[in-house]
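Visitor: Hi! Could you walk me through this structure?
Guide: Happy to, let's have a look together.

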Amino acid sequence: MVSCTNVRTILQAAKAAGIKIPTLCDDDRLEPYGACRMCMVEIVKHGRRRLVASCLFPVEEGLSAQTDSEKVTRIRKMIIELLWPVGSNTPRSTVSPNPVSIRG
Ligand code: FES
């Protein structure tokens with residue numbers, strides 16, 4: 001259980017509690033826009049389970065979120081697999097001014 005004040009989203013609450021959720025498009029200098037979906041978590045709301053982008057989904061009293069379930073891991077793997085072909089063919093200069101090396 002995480003108790004939080006001054007946070008709006010599940011991702012912010014997790015960061016405040018020291019819980020790591022992977023992200024690609026989250027940046028404190030930008031408004032969250034949910035583009036990458038790498039931050040997906042599984043929530044239970046009104047007895048219903050579903051996957052949501054933690055950088056966009058607002059925290060609320062009693063909300064339960066799983067940040068590391070089998071379903072969450074599977075969806076993050078699928079997202080990486082879908083994004084990988086796009087990134088691997090993109091010239092470095094258009095990806096980032098500071099190229100990052102990713103080793104597999
Ligand atoms: S960090 Fe990219 S959608 Fe949440």
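Guide: Helices (H or I, at least four residues) and strands (E, at least two) are DSSP runs, numbered from the N terminus. This is a predicted model, where local features need pLDDT of at least 70, side-chain atom pairs count only at pLDDT 80 or more, and totals for chains, interfaces and linings use all residues. Residues are numbered from 1 along each chain as its sequence is written.

Visitor: Thanks! In what order do the elements of the protein chain run from the N terminus on?
Guide: The order is α-β-β-β-α-α, with three helices and three strands in the protein chain.

Visitor: What do the three strands form?
Guide: An open sheet, ordered β2-β1-β3 with antiparallel pairing. Two strands pair if DSSP finds at least two bridges between them. Because β2 and β3 stand at the edges with a single partner strand each, one side of each has no neighbour in the sheet.

Visitor: How many bridges join β1 to β2?
Guide: Six, between β1 (residues 40–45) and β2 (residues 48–53). M40, for instance, stands opposite A53 in β2. The two strands form a hairpin with two residues between them, and H46 in the turn has a positive phi of about 55°.

Visitor: New topic: what share of the protein chain is buried?
Guide: Buried residues make up 16% of its 104 residues. A residue is buried if 20 or more other C-beta atoms, placed from the backbone, lie within 10 Å of its own.

Key:
A residue is buried if 20 or more other C-beta atoms lie within 10 Å of its own, exposed if 12 or fewer, and partly exposed in between; C-beta atoms are placed from the backbone.
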